[in-house]
Amino acid sequence: MLEGSGGAHHRRMTSTAGPTESFQIPIEAAERYEAAFVPGFFAQWAPILCEVAGVAEGHDVLDVACGTGIVARTAADLVGPPGTVVGLDLNEAMLTVAGRVRPDIEWRQGDAMRLPFADGAFDTVLCQMALMFFADRPRALGEMARVVSPGGTVAVVVPSALDAQVMFKPFVELAGRIAGPEAISLLTAYFVCGDLGELTNLFESAGLRIGVRRSVVGSYRAPSVDAAVTTEVESTPLVERISATTYRQLRDDAVDVLRPFTQPDGSLVAPFKCLVIAATRN
Ligand SMILES: C[S@@+](CC[C@H](N)C(=O)[O-])C[C@H]1O[C@@H](n2cnc3c(N)ncnc32)[C@H](O)[C@@H]1O
């Protein structure tokens, strides 16, 4: 996976930049996200999210933290010409790629914590694989609830907690043994939102009544164990905090730990569990 924030790239740029500026990634990273990570991982959840949210012809839909726009594209095909879709993201490079792939959709640069839309502007607000990265999740969900019309739907998909991840759990435990506890927290940013009880509280506090909670098992794919380790380590600051020897050992030992998910051609295919939630604005 990739945080979609460019990981180490954006972090190296943060010292003098403001919050929006600091999140920017190079266009090459956004192109790689669209070419490799969207087909390999992110695309599979978009139709499920749209279905659970009940996206239908004529709806006005917002895709929050749209990245290169896979959810917005999926929704646009469902709402058709009578509907509208807007994709919003902090990252300009992500939006540039989104606009190249689907120039007919409206792409807006902005922050999930300060949505630049009027109250009740959308029938449906979607957010895929991003809630866990927001600095203020209650505020972001509050904003999603504000811009959806009364009776409208807010739907999110987030990875389930680490304990439910049959491949990531042993990999993160291995990294902890080799590189120390800091490695565990750096590699688990994806899974911090995966507790159903906490998520339910978050939605209810934002004035959203949950109608659908679905646990969905999809797949995580990588061309090889080594490619998976590279992606996971190098999209976090861990890569800057471990020695070359430690990194080598992690790569070597990962081959054993991830063997149950390694295919005869050397590629990696593992189950990956997510929570999909759809809620109605009171
Ligand atoms: C893992 S990507 C997911 C992108 C897209 N939803 C998908 O499924 O492909 C996470 C996205 O969240 C965006 N993001 C992170 N924080 C954000 C914020 N505060 N406001 C808007 N977008 C944000 C990143 O720029 C990145 O594009």
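At 38% relative accessibility, E182 counts as partly exposed, a class that lies between buried (under 20% relative accessible area) and exposed (over 50%), with a 1.4 Å probe and protein chains only. The structure is a predicted model, in which local features need pLDDT of at least 70 and side-chain atom pairs count only at pLDDT 80 or more, while totals for chains, interfaces and linings use all residues. Residues are numbered from 1 along each chain as its sequence is written, and side-chain values use heavy atoms, with hydrogens and water left out.

The side chain of E182 meets that of R241 in a salt bridge, with 2.5 Å from N to O. A salt bridge is here a side-chain nitrogen of Lys or Arg within 4 Å of a carboxyl oxygen of Asp or Glu. Because R241 belongs to helix α11 (residues 238-241) and E182 to helix α8 (residues 181-187), the pair ties together parts that are 59 residues apart in sequence. Helices (H or I, at least four residues) and strands (E, at least two) are DSSP runs, numbered from the N terminus. R241, at 47% relative accessibility, is also classed as partly exposed.

The whole structure contains 16 salt bridges. One of them joins the side chains of E173 and K169, at 3.2 Å from N to O. These two residues are 4 residues apart in helix α7 (residues 168-179), which means that about one helical turn separates E173 from K169. An α-helix has 3.6 residues a turn, so residues three or four places apart point the same way. Relative accessibility is 37% for E173, which is partly exposed, and 25% for K169, which is partly exposed as well. A further salt bridge links the side chains of D256 and R259, at 2.5 Å from N to O.

The ligand is surrounded by 23 residues, of which the closest are Y33, A65, D89, A112 and Q128; a residue is counted if one of its heavy atoms lies within 4 Å of the ligand. By class, this shell holds 15 nonpolar, 5 polar and 3 charged residues. In the side chain of D89, an N or O atom is 2.6 Å from an oxygen atom of the ligand. A backbone N or O atom of A112 lies 2.9 Å from a ligand nitrogen atom, and a polar backbone atom of L90 is 3.3 Å from a nitrogen atom of the ligand. On its own, the ligand has 590 Å² of accessible area, and the protein covers 99% of this area, as computed by the Shrake-Rupley method with a 1.4 Å probe.

D89 is also among the residues that G67 touches, together with M94, L95 and A98, when residues up to four places away in sequence are not counted. Such a contact means heavy atoms within 4.5 Å. G67 sits in the loop between β1 (60-64) and α4 (70-79). Its relative accessibility is 5%, so G67 counts as buried. The C-alpha atoms of G67 and A130 are 9.2 Å apart, although 63 residues separate the two along the chain.

Helix α4 is mostly covered, with 8 of its 10 residues buried. The buried residues are I70, V71, A72, R73, T74, A75, A76 and V79. After α4 comes G80, which has a positive phi, near 65 degrees.

Definitions and conventions. A polar contact is a pair of N or O atoms within 3.5 Å; within protein, one must be able to donate a hydrogen and the other to accept it, and residues adjacent in sequence count only if both atoms are side-chain atoms. Ala, Val, Leu, Ile, Met, Phe, Trp, Tyr, Cys and Pro count as nonpolar, Asp, Glu, Lys and Arg as charged, and the others, Gly among them, as polar.
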